[in-house]
Amino acid sequence: MEEAIRGCFKILKISHLYRVAFHEMHASRDMLISFPSGASRENESLDANLKARVRVEQLDVALRLVPFTVLVSLSVVQVIVYLFWNPANRAYLGVLEAVILPLAIVVLQQCWLWRSRPKPREVSVSFIRRAVLAAYIYGGLLASIPVMLFVGADPDGRLLIAASCAGLIATGMSAAVLPRVAIGFSGLIIAGSFFGLAATGERFYTYVAILLLFYAAFVCFTILHLSRLLKMRVVAQVDLERQQEFTNLLLNEFEENASDWLWETNAELRLQHVSPRLVEVARSSERQLLGLPLEQLLFPAVAPPDGHPSTVLWTCIAERRTFRNLVLPLNIAGEQRTWQLSGKPIFTNGVSFSGYRGVGSDVTEKRRSEERLSYLALHDSLTDLPNRVQFQQLLGAAREELGPDGRFAVLALDLDEFKSVNDTFGHAAGDGLLRAVAERLRRFASSDVQLARLAGDEFAILARGAAASDRHAIALLASDIVAAVASPFSISGIRVSVGVSIGIAVAPQDGGEEIMRRADLALYRTKGEGRNGYRFYEAEMDERIEARRALSTELRGALDRNEFLLYFQPIVTKEGRIRAFEALVRWNHPKRGFVSPADFIPLAEETGVIIPMGEWILQQACVIAAAWPSDISVAVNLSPIQFRHSDLVLLVNSALQESGLAASRLELEVTESVFLEATPAIKTALVKLRERGVRLSVDDFGTGYSSLSYLRRLAFDKIKIDQCFVRDLPHEQSGAAIVRAIIDLATSLKMTVIAEGVETEAQRRCLLSLGCHELQGYLFSRPVPAEEANVLASQQGLRRGKIQAA
């Protein structure tokens, strides 16, 4: 009884070990048991098609190995039946044979059918379930052997059964790619073996059961690992096939629709792949191109010179090297075309050369566009002359080629009166004039004389060789250009005359790097001295520029340093009574002393200093004039810059309000140049000032370029005759006639006429006889400081002695 109880406890203990092992096997099996249906976390990312493909590959591998498992296990069963056939086991063994033989035949038949048919794209879930069920039945039949025979067998028989079960468990790995099938088959045999061992109740077989547990765990994990490896292989294979299909699709699309083409040769460098695009660009047929030597297609008929792209290509091919984006000029059916080729050598097994494979494209139009863009980048689109960029390149080359005895000259050209032509006749006429000038300049072009248009109406000439051999040759070239441009042009039926100013600098005597700037300095001197001519660069031009630059720098801070002063020059009536003072700014430089207004006023306008300076002049003049008698006014000059870049109406209102000066006592003098660019904003400002009560005067009348129509459009109070018309009175009759005409015009328009620059008594009498209303000049008083102006204003007039003293 005690031995039976101990045997039962052993059986229970072994059964517990079996349940633990079986639970672990089933847990492991469940990790991949749903692999074909995509239940694992890793499979969740697989799409439906890929899952189906994996199932098919799993079944394919399994059904190719299962027949061996069936045949081996069937042979084992036959041996067991033969050795254990006795009256006690006859019934069991007969049933086992009767069931396992038909099942083996059905399984083998299904495997044969699977192999004899094309591999399906997918398999149904029911088919997989039938395969799993067959594995469970087959495994259950084999698991019955240790259950039914192990306990009653002798030691030899037990050894035979144990060895057979171990082998049968191992055969389950043939279906490892289907974890549910493999673990179901082997797991049942393992379970039957545990039961048989436990049923003996012997300690020895307890240890055998423990060993079986380790063996079973190894088998299960091996099955899982093999399944995972197959899955990875299938996924990689599917991805590879997809990439191959995608690549083929792209290649087909590329060959059908792209402007590029694929090419391939064999080891003899004959074409063996010809795309439709290659047939098209080669102006040939597929039959003619297939087998054509690559050299015959790509290389010119005559021997190319060294460095020719075809020579580079052949060198790469001869050395079996890769080449990329090699541009080849070709003659295709009598037309010059440009191809771009890339190629890579192909080696079989990495050793034997088997040809070249690459891509090509016809880049003829692209190259033509690039050449056109390159041409436009170096040429002026209007005149087709070289532009500033190319001229700088030519100038740089001339500097590098300049030898010890060499020389070259730069001529900077600027058209005179081009702006007036452009403004009068429009930009189309201006463009036509520039083209016509360029055509005349081309007459002088040669290998030694190179032309360029820099910008606007600026041209440049680089003279070398004989054209710059000496100063006389350069001067002759410049004078011929001046004469050629001076002839009238006919632009769209309009007769136009312009001149040209030329500045000349010669290298190396005038420098190399600075030669362009010095030619410009000479050009500015030409323009300043009357235009329509030429001047050579002189060193003192640089000195003037440096002095001008220094003066400009000092001018910027002069207002903050309180270096500006206001002087006032009286304007008198014909009876000699002071009617107004003109406010004139003076610059008292701490080192230079008083700087001439003719020097610093243009600089102030160029640098923009005129804007704060003009505001200061307006404010100070109003403050000083407010202390004068109420019948004396103050005249303030305005620069055209102030109209364009400041709110003049606001400044005037502010100055009048802060000083308390009546608007009628303020006179604003504007030159005729304001009306050359009289925008609506300028006209509106003048109208508002007039409505405010401020008086308006036209300064330097007769010296500008505007028409007289502005006198009709805008109501001016006064006209000031420029001193150039007064200087030669009374001896010059033409000057007197002009003054009389101006006075008659102003009188008819009910305007007051002021003559400036009156310096002699004869001039005063002549002007009074012509009907001039008011006079200004050194005859009456030179400009004086504010304190002296206050004294003169209180006298209300100038005595004859004062006049003579002045």
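My entries follow, topic by topic.

**Ground rules**

I am working on a predicted model, where local features need pLDDT of at least 70 and side-chain atom pairs count only at pLDDT 80 or more, while totals for chains, interfaces and linings use all residues. Residues are numbered from 1 along each chain as its sequence is written, and side-chain values use heavy atoms, with hydrogens and water left out.

**Confidence**

I checked pLDDT, the predictor's confidence in each residue, from 0 to 100. The protein averages 81, and 87% of the residues score at least 70. Over residues 1–45 the pLDDT is below 50, yet this stretch has 59 contacts in the model beyond near neighbours in sequence. Contact here means heavy atoms within 4.5 Å. Residues 799–806 also have pLDDT below 50, with 12 such contacts. Where pLDDT is low, the predicted coordinates should not be read in detail.

I then turned to strands and helices, which are DSSP runs numbered from the N terminus (strands E, at least two residues; helices H or I, at least four). Two strands pair if DSSP finds at least two bridges between them.

In what order do the strands of the open sheet of 5 strands run? I read β2-β1-β5-β4-β3, with antiparallel pairing. The edge strands are β2 (271–274) and β3 (323–332), each pairing on one side only. From one strand to the next the twist averages 30 degrees.

I looked at one pairing more closely. β3 and β4 (residues 335–348) are antiparallel over 8 bridges. Ile 332 has Glu 335 in β4 as its bridge partner.

Two helices lie across β3, β4 and β5. Helix α11 (residues 309–318) runs at about 130 degrees to β3. Helix α12 (residues 364–378) runs at about 120 degrees to β4. For these angles, axes are lines fitted to C-alpha atoms, for helices over the stretch in contact, and the angles run from 0 to 180 degrees between N-to-C directions.

**Ser 352**

Next I picked Ser 352, which is found in strand β5. The scale is under 20% for buried, over 50% for exposed and partly exposed in between (1.4 Å probe, protein chains only). Leaving aside neighbours within four places in sequence, Ser 352 is in contact with Ile 346 and Phe 347. Ala 267 is 85 residues away in sequence, but 9.1 Å from Ser 352 in space, C-alpha to C-alpha.

**Strand β13**

I listed its pairings:
- β14 runs antiparallel to β13, joined by 9 bridges; Phe 564 has Trp 587 as its bridge partner in β14.
- β22 (residues 784–785) is antiparallel to β13 over 2 bridges; Phe 568 stands opposite Val 784.
- β21 (residues 774–776) is antiparallel to β13, again over 2 bridges; Val 572 has Leu 775 as its bridge partner.

The hairpin of β13 and β14 has 4 residues between the strands, and Gly 576 takes a positive phi near 95 degrees there.

**Aromatic rings**

I counted rings of Phe, Tyr and Trp (its six-membered ring) as pairs if their centres lie within 6.5 Å; planes under 30 degrees apart are stacked, over 60 edge-to-face and the rest tilted. By this rule there are 16 aromatic pairs. One of them is Phe 347 with Phe 353, edge-to-face at 5.9 Å centre to centre and 65 degrees between the planes. Phe 347 is partly exposed at 35% relative accessible area, whereas Phe 353 is buried at 15%.

Phe 581 and Trp 628 have ring centres 4.8 Å apart and planes at 50 degrees, so this pair is tilted. The pair links distant parts of the chain, 47 residues apart: Phe 581 is in β14 (residues 578–589), and Trp 628 is in the loop between α20 (610–625) and β16 (633–637). Both Phe 581 and Trp 628 are buried.

I also noted one aromatic cluster, formed by Trp 263, Phe 323, Phe 347, Phe 353 and Tyr 356.

**Charges over rings**

My last check was for charges over rings: NZ of Lys or CZ of Arg within 6 Å of the ring centre and within 35 degrees of the ring normal. The charged end of Arg 440 sits over the ring of Phe 489, 3.6 Å from its centre. Arg 471 lies over the face of Phe 536, at 3.9 Å from the ring centre.
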